[in-house]
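This briefing is meant to be read with the structure open beside it.

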Amino acid sequence: MRTISARSLALLLGRDPLPRPAYRALADGIRRLVCDGRLLVGTRLPSERTLTTELGLSRTTVGAALDALRDEGFVATRRGSGSVVCLPAGPSGLALSQAGLIPTEVPPDVIDLTYAALPAAAGVTAAFERALLELPRFLATAGYDPRGLPETRRAVADWYASRGLPTTPDQVAVTSGAHGGLSAVLRARLEVGDRVVVESPTYPNAIVGVRRSAYRPVAAQLTPTGWDLDAIELAVRQSGARAAYLIPDHQNPTGLTMAEATRAALGAVLSRHGVVPVVDETFVELGLDEASGTARPAPFAASARECHTLGSAGKTWWGGLRVGWVRTPVTGVEAVIEARHSLDLGTAILEQLVVADLLRQGETLLVERRREARARRDALVTALRRHVPEWRFEVPAGGLNLWCELPEARGDQLARVAERAGLRLARGGQFGVEGGLGRWLRLPFCVAPDEADEVGRRLAVAWQLALRERPGTREVTPLIA
């Protein structure tokens with residue numbers, strides 16, 4: 001079971017004196033840590049005695065605070081385990097949803113901010129036209145190929161080689177998007193019930209995919225500046241995890257990028273414990289700082305021989321292509337292809353030809369794509385600072401998301417009322433392995449620059465509605481991309 005020491009909890013709470021009544025302030029502080037995702041569900045709290053000593057409070061005060069948290073559903077007492085962090089399942093609206101993805105129609109007057117994806121890039125139409133000229137030579141075949149077309153695998157392999165990671169086409173399996181690749185890798189390398197270390201917050205579809213494939217996600221909490229190697233190693237040791245799902249490049253939703261030294265150190269940690277890294281690089285080409293498109297860290301797989309790397313055309317070029325790939329260790333591709341066969345029989349040929357064409361063009365088209373994404377990011381940043389200046393966020397160097405910290409834990413209410421203000425939003429809790437994150441909101445900067453100010457205005461209206469909204473049991477769980 002995950003634990004936290006009294007000293008670590010005290011540091012998270014801060015050293016400022018607690019206002020009166022102290023028991024209420026302590027309960028509020030611990031609840032805030034849970035809602036922010038800094039104190040993970042399933043964590044065993046220190047004993048009342050050690051908390052009393054570390055916090056300089058009376059046993060009565062500490063006991064009353066824990067009693068209040070139990071009454072609210074944020075702490076449960078389990079025989080042999082002490083006090084364990086949990087989430088209330090009632091009208092707070094904070095409980096973790098076990099539902100899968102629930103796509104619903106978006107009204108025409110509502111701006112959908114649940115998709116971190118841009119419209120098709122310049123060059124996609126021309127690539128389709130060229131691919132159509134190539135298609136006839138495949139029409140006399142059955143059309144099924146679970147490995148992917150040789151030219152597509154070669155283009156992917158050459159793309160990795162251009163990034164300093166030697167790769168052969170035999171190490172590449174083309175899949176139906178990166179999500180299909182993730183499912184294939186997990187089935188190839190794990191057994192039912194195995195544990196998978198997952199960053200928290202992270203891409204919600206990965207959490208759902210791990211759970212729905214009968215594996216168990218184990219949260220590795222991200223810090224405001226990135227990845228805590230000690231915490232990840234502790235999570236691995238305590239859980240016995242056999243795989244780790246990581247997004248080191250423009251992490252979804254935080255936008256963080258893992259430093260090269262951290263990649264090497266984390267690769268060594270995972271190798272030491274026999275953990276397979278499954279690395280999602282779907283945002284890797286969207287470095288938005290002027291130099292980040294070319295001056296980026298080496299691929300994680302350069303530091304981890306057993307790494308399985310997921311790629312996709314969806315974020316870089318267009319989500320409608322539905323083409324992804326897995327780059328495997330030298331001897332790993334056959335297991336992935338066999339596992340993939342239980343999911344589907346191959347990826348559409350026309351789209352594979354398009355992606356091979358786009359990859360071969362490389363930087364010629366990517367420079368314009370990054371410029372477009374940068375303009376959308378900067379416009380939304382300006383709109384947020386104008387209309388909701390109390391929201392806090394770091395401007396990311398890449399990716400497609402702003403990860404916003406709200407002044408109050410009203411994220412669930414905000415998602416619930418947003419459509420009344422003309423927006424569709426995803427709850428912060430959808431990005432947490434164990435829920436929580438009520439103070440956070442992911443905002444994709446995918447609207448056109450001239451629409452950004454309207455988004456900011458609607459967010460301000462929605463936020464005022466959320467501040468007046470009572471807690472409810474109905475959770476908003478939209479489809480996320």
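Is Val433 buried or exposed? In this predicted model, Val433 has a relative accessible area of 0%, and it is therefore buried. Val433 lies in the loop between strand S12 (423-424) and strand S13 (440-444), and its C-alpha atom is separated by 34 Å from that of Asp170, a residue 263 places away along the chain.

**Helix H1 against helix H3**

- Helix H1 (residues 6-13) and helix H3 (residues 48-55) pack at an angle of about 50 degrees, and their axes are 9 Å apart; because of that angle, H1 is oblique to H3.
- H1 passes H3 in a right-handed crossing, to which H1 brings Ala6, Arg7, Leu9, Ala10 and Leu13, while H3 brings Thr50, Leu51, Glu54 and Leu55.
- Sorted by class, the residues of the contact of H1 with H3 are 6 nonpolar, 1 polar and 2 charged.

**Helix H3 against helix H4**

- The axes of H3 and helix H4 (residues 59-72) cross at roughly 120 degrees and come within 9 Å, and the two helices are therefore oblique to each other.
- The crossing of H3 and H4 is right-handed, and the contact is made by Glu48, Arg49, Leu51 and Thr52 of H3 together with Arg59, Val62, Gly63, Leu66 and Arg70 of H4.
- In the contact of H3 with H4 there are 3 nonpolar, 2 polar and 4 charged residues.
- Thr52, found in helix H3, has a relative accessibility of 17% and so counts as buried.
- When neighbours within four places in sequence are left aside, Thr52 is in contact with Leu57, Ser58, Arg59 and Val62.

**Nonpolar cores and a buried aspartate**

- In soluble globular proteins, nonpolar side chains tend to be buried together.
- The largest nonpolar core of this model has 54 residues, and those with the most contacts inside it are Leu266, Leu270, Phe300, Trp317, Leu321 and Leu358; helix H12 (residues 349-361) gives the most to this core, with 8 residues.
- Apart from neighbours within four places in sequence, Phe300 is in contact with a set of residues that includes Leu246, Pro248, Met258, Leu266, Leu270 and Cys307.
- A second, separate core of 39 residues includes Ala379, Leu380, Val381 and Val447.
- Asp357 also has its place in helix H12, and with a relative accessibility of 10% it counts as buried; leaving aside neighbours within four places in sequence, Asp357 is in contact with Ala127 and Arg130.

**Backbone details**

- Most residues other than glycine have a negative phi, and most peptide bonds are trans.
- A cis peptide bond, with omega about -5 degrees, joins Arg20 and Pro21, and Pro21 has its place in the loop between H1 and helix H2 (22-35).
- Another cis peptide bond joins Asn252 and Pro253, with omega about 20 degrees, and Pro253 has its place in the loop between strand S7 (243-246) and helix H10 (260-272).
- His250, found in the loop between S7 and H10, has a positive phi near 55 degrees, and at 9% relative accessibility it counts as buried.
- Arg322 has a positive phi near 55 degrees and lies in the loop between strand S9 (308-312) and strand S10 (324-327); its relative accessible area is 43%, so Arg322 is partly exposed.

Conventions: Residues numbered from 1 in each chain as written. Predicted model: local features only at pLDDT ≥ 70, side-chain atom pairs only at ≥ 80, totals over all residues. Heavy atoms only, no water. Axes fitted to C-alpha atoms, helices over the stretch in contact; angles between N-to-C directions. Helix = DSSP H or I, 4+ residues; strand = E, 2+ residues; numbered from the N terminus. Parallel < 35°, antiparallel > 145°, perpendicular 65-115°, else oblique. Left-handed = near helix turned anticlockwise from the far one by under 90°. Contact = heavy atoms within 4.5 Å. Nonpolar A, V, L, I, M, F, W, Y, C, P; charged D, E, K, R; others polar. Core = buried A, V, L, I, M, F, W, Y, C linked by side-chain atoms within 4.5 Å. Buried < 20%, exposed > 50% of the residue type's maximum accessible area, 1.4 Å probe, protein only.
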